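Here is a short briefing to read alongside the model. Please keep the sequence and the 3D view open as you go.

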Amino acid sequence: MKITEHLSASKNKTLFSFEILPPLKGQNIQSIFDGIDPLMEFKPPFIDVTYHREEYVYIERAKGLLEKRVVRKRPGTVGICAAIQSKYKVDAVPHILCGGFSKEDTENFLIDLDFLGIKNVMALRGDAVKSEIYFTPDPQGHNYANELVEQISAMNRGQFLDEALENGHKTDFCVGVAGYPEKHMEAPSLEKDIQRLKAKIEAGAEYVVTQMFFDNQKFFEFEKSCRESGITVPIIPGLKPIATKKQLTLIPHRFHVDMPNDLTREVEKCKNNEEVHQVGIEWCIEQSKELVAAGIPVLHYYSMGKSSNIKAIASQVF
Ligand SMILES: Cc1cc2nc3c(=O)[nH]c(=O)nc-3n(C[C@H](O)[C@H](O)[C@H](O)COP(=O)(O)OP(=O)(O)OC[C@H]3O[C@@H](n4cnc5c(N)ncnc54)[C@H](O)[C@@H]3O)c2cc1C
């Protein structure tokens, strides 16, 4: 089913969903199943699987020379989605990026998804390659996520890149896109960022999943601004329970989101990461309960493959 169909069928009950990332190359899929199994009792209608583009690594060779290698540390997004759909009979939502994809690669990727019976995709631009500051699109690819959404919408109309190909099979993807309650780091203002979010919806996206946030007020204000700008599609909040002291600095640095003072104070008081884990769970339960009370259709948890804290939260909220 499409995400939009799950939402219509939910009869205003808040649904539970989560996101996982493929294991590092060399590991097997059991680690994925071990992360999903404990969460199945909360009946997720869909599970997202992230996509990880290539990185550059530099290997030291003789005479101080460096060899540049292109590696993908976490391949397997499509295979994991197929395995999830087959094992759990739950919709898997693969993430697809502009970065590292030509339009032709995108088309072929989407053909695979369509043949596998995958009905939903999360369309993203992707970040810059780790060793670079700015995002550089593939020379034959897309610059921004709205262009990627347009390509998927064209395939939904049966239009492929080869214009000579007539009466192509019409795919039927439901497309999700990313939204940023605290603004995407590159956007000049939140207002401009929301205009660009609207462009993704006008290109065909049917729902939004947000970047993580730790202060619900930021989400409620973002949702209000989106509605005022004419965005009517469902906006699904992304939630992440903090689990280590280091994340107090890592998360703001990596994701450009603020940590509320109360949360920071509680984490700083902790003697070890077990205590931080518990603070993270309690904070996320409070966030979740308030969002459920506000009638939010789905809560989407960034599990990062670790299910113990998500299970503790879900058992108090769903
Ligand atoms: C829910 C979620 C899931 C994610 N999953 C993944 C994943 O699986 N893999 C991964 O690598 N990354 C993932 N990311 C991270 C994401 O790829 C980065 O945040 C990326 O920097 C932006 O992607 P986007 O799709 O939001 O880009 P866009 O919507 O293209 O926006 C990127 C920036 O460009 C600006 N912009 C947009 N359109 C234009 C335009 N026409 N002209 C000028 N500026 C413009 C926007 O304001 C924004 O600042 C995820 C993020 C979220 C919130």
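This is a predicted model: local features need pLDDT of at least 70, side-chain atom pairs count only at pLDDT 80 or more; totals for chains, interfaces and linings use all residues.

Residues are numbered from 1 along each chain as its sequence is written, and side-chain values use heavy atoms, with hydrogens and water left out.

**The ligand and its shell**

- The ligand is surrounded by 22 residues, the closest being Tyr51, Asp127, Tyr180, Asp193 and Lys200; a residue is near the ligand if one of its heavy atoms lies within 4 Å of it.
- By class, the shell holds eleven nonpolar, five polar and six charged residues; Ala, Val, Leu, Ile, Met, Phe, Trp, Tyr, Cys and Pro count as nonpolar, Asp, Glu, Lys and Arg as charged, and the others, Gly among them, as polar.
- Ligand oxygen atoms lie 2.8 Å from a side-chain N or O atom of His95, 2.8 Å from a polar backbone atom of Arg125, and 3.1 Å from a side-chain N or O atom of Arg196.
- On its own the ligand has 980 Å² of accessible area, and the protein covers 85% of that (Shrake-Rupley method, 1.4 Å probe).
- Two or more shell residues come from each of strand E5 (91–97), strand E6 (120–124), helix H6 (190–202) and strand E8 (207–212); helices (H or I, at least four residues) and strands (E, at least two) are DSSP runs, numbered from the N terminus.
- H6 gives the most to this shell, with three residues.

**The second largest pocket**

- Its volume is about 160 Å³, meaning the space filled by probe spheres set on grid points that are joined across faces, edges and corners.
- A pocket is an open set of points on a 1 Å grid over the protein atoms alone, where a 1.4 Å probe fits, with protein on both sides within 12 Å along at least five of seven lines; lining residues have an atom within 4 Å of a point.
- The lining includes Lys13, Thr14, Phe42 and Phe318, and it divides into six nonpolar, one polar and three charged residues.

**Two loop residues**

- Thr14 sits in the loop between helix H1 (3–9) and strand E1 (15–20).
- Thr14 is buried, at 9% relative accessible area, and its side chain reaches the backbone oxygen of Ile296 at 2.8 Å.
- Met304, in the loop between strand E10 (298–302) and helix H11 (308–317), is partly exposed at 39%; buried means under 20% relative accessible area, exposed over 50%, and partly exposed in between (1.4 Å probe, protein chains only).
- Met304 and Val49 are 255 residues apart in sequence and 10.0 Å apart in space, C-alpha to C-alpha.

Definitions and conventions: A polar contact is a pair of N or O atoms within 3.5 Å; within protein, one must be able to donate a hydrogen and the other to accept it, and residues adjacent in sequence count only if both atoms are side-chain atoms.
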